[in-house]
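Here is a short report for a reader meeting this structure for the first time. Please look over the sequence and the model before reading on.

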Protein chains: 2
Amino acid sequence: MARSSDPTRTRIVAAASRLFYAEGIRAVSVDAVAESAGITKKTLYYHFRSKDDLVAAYLAARDQPNLALFKRWFEESEGAFPDRIAAIFINLAAAARHPKWRGCGFLRTTAELANLPGHPAIKIGAAHKKKFEAWLQAMFEAEAIAGAAELARQMLLLLDGAFAVVLLHRDASYMETAAEAARALVAAALARRAKAGKTTRRTAARRAS
Amino acid sequence: MARSSDPTRTRIVAAASRLFYAEGIRAVSVDAVAESAGITKKTLYYHFRSKDDLVAAYLAARDQPNLALFKRWFEESEGAFPDRIAAIFINLAAAARHPKWRGCGFLRTTAELANLPGHPAIKIGAAHKKKFEAWLQAMFEAEAIAGAAELARQMLLLLDGAFAVVLLHRDASYMETAAEAARALVAAALARRAKAGKTTRRTAARRAS
DNA sequence: CAATGTATACTGACCAGTGAATATACCTTG
DNA sequence: CAAGGTATATTCACTGGTCAGTATACATTG
């Protein structure tokens, strides 16, 4: 029964990813996915119970690679800490300029399936964004920033706002605006840490990982 | 030929708005809209050339009322200028807690129709967001804020990010996080103005948190 | 042989859009 | 003013096509 290493299953998910990301969920038929994968629809239904399962698999397959990319962009960046956070947005701006870019697959799927709140794909999307937020928060805590959790949420808002707005206007410069806002908010948080001195309760958040 | 004051046409658009916002575009059939409006499909096609036209009419009908609501929320707010900007987000947080809330109709339509970049509905959505941004920018300029344009764009990013994230997690508290970020960014911009200029028009940009 | 995997061909429902006809309201013009 | 015309507005019944999902049978292989 279809493990995730199964080559046929992998091909199906790859085809589904291509099509769902490019066209949207309800705009892509199961037949189209099967044909793009070079198999028949029945084979697809051997590997997936329903189209909903296939949609969930599409997002599940994007989860780790997406997170890894963000982390890599941060790790390969240089400069002061706020600049390194901003670097994530700058890299994303470059990606958004590619003609096949269509925003965030998780967000777009959520928007399209907003009438099905318990849909498995939405749960996967929510978990993905929570992981990203948690990673940011941990990094902010490592920098001994006091409001690490709130700052991480603010970064998420800027990121997802940029996804939405850049897609709407087809203007990647909004991603750079987000980078600036992120840099400003992180820098301000760092400045508060520096000024606050020893009166605040930063002791609990100081040590790195 | 069907003016926008036409009562039948108005009924159709009202039904379309209800259904498209609640369920999404491709999830709602033209038959469903017609039935909900209490007419036949052919009558609908008498008033609208195609489903795409109907989708555009749905968003066009939301444009002015949405903008008016945001402006009203600002005008009815009290306190210092950054708090009044934040008030928009706070009001939106309350709206997002209603069970029938499904995010921003413009953004969700854009996400669903991302494979049709020139779609008339997307143009209407883009124009709507541009109007909102221009309104913010004008207000920031009235406050003599130097980077008014960029600050307006940052507000837009926070707003649309909050739309997306609140919809994803079904957690309206992210809207309040966005309010805080907005307040911080606006207050910082005001502080820069105060430092740079010669104390022209002091608004008490004092934050509580 | 039995389990796994794939294919052909089908089902019943639904979809966007249309053809032909009808009703209504207003506007000529004899 | 009345007879006839024309544009507006609406309905029923339909088309060609697509959709998610399935019944059944064939193939491969350990």
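## Two copies and their axis

This is a predicted model. Two copies of a chain are related by a rotation about an axis and a shift along it. Here, a rotation of 180 degrees superposes chain A on chain B. The shift along the axis is 0.0 Å, and the RMSD is 0.0 Å. The two copies are thus related as by a two-fold rotation axis.

Which residue of chain A comes closest to the rotation axis? That residue is A:G161, with its C-alpha at 1.6 Å.

## Where the chains meet

In chain A, 44 residues are in contact with 44 residues of chain B. The copies meet through the same surface, because 98% of the interface residues of chain A are also interface residues in chain B.

The size of an interface is often given as the accessible area lost when the parts come together. Chain A and chain B bury about 3700 Å² between them. Carbon and sulfur atoms account for 66% of that area. Five helices of chain A each give two or more residues to the side that touches chain B: α1 (7-23), α6 (105-112), α7 (120-142), α8 (148-169) and α9 (173-196). The largest share comes from α8(A), with 14 residues.

## The nonpolar core

The largest nonpolar core has 148 residues. Residues of both chains are among those with the most contacts inside it. From chain A these are A:V33, A:F140 and A:M155. From chain B they are B:V33, B:F140, B:M155 and B:L158.

What does A:M155 touch, leaving aside its neighbours within four places in sequence? Its contacts are A:I85, A:F89, A:L136, A:F140, A:A182, A:L185 and A:V186.

## Two loop residues with positive phi

Most residues other than glycine have a negative phi. A:A144 has a positive phi, near 60 degrees. A:A144 sits in the loop between α7 and α8 of chain A. Is A:A144 buried or exposed? A:A144 counts as buried, because its relative accessibility is 7% and the cut-off for buried is under 20%.

A:R170 also has a positive phi, near 50 degrees. The place of A:R170 is the loop between α8 and α9 of chain A. With a relative accessible area of 39%, A:R170 is partly exposed.

Definitions and conventions:
Residues numbered from 1 in each chain as written. Chains lettered and ligands numbered in written order. Predicted model: local features only at pLDDT ≥ 70, side-chain atom pairs only at ≥ 80, totals over all residues. Heavy atoms only, no water. Core = buried A, V, L, I, M, F, W, Y, C linked by side-chain atoms within 4.5 Å. Buried < 20%, exposed > 50% of the residue type's maximum accessible area, 1.4 Å probe, protein only. Contact = heavy atoms within 4.5 Å. Least-squares fit on C-alpha atoms with pLDDT ≥ 70 in both. Buried area = accessible area lost by both parts, 1.4 Å probe. Helix = DSSP H or I, 4+ residues; strand = E, 2+ residues; numbered from the N terminus.
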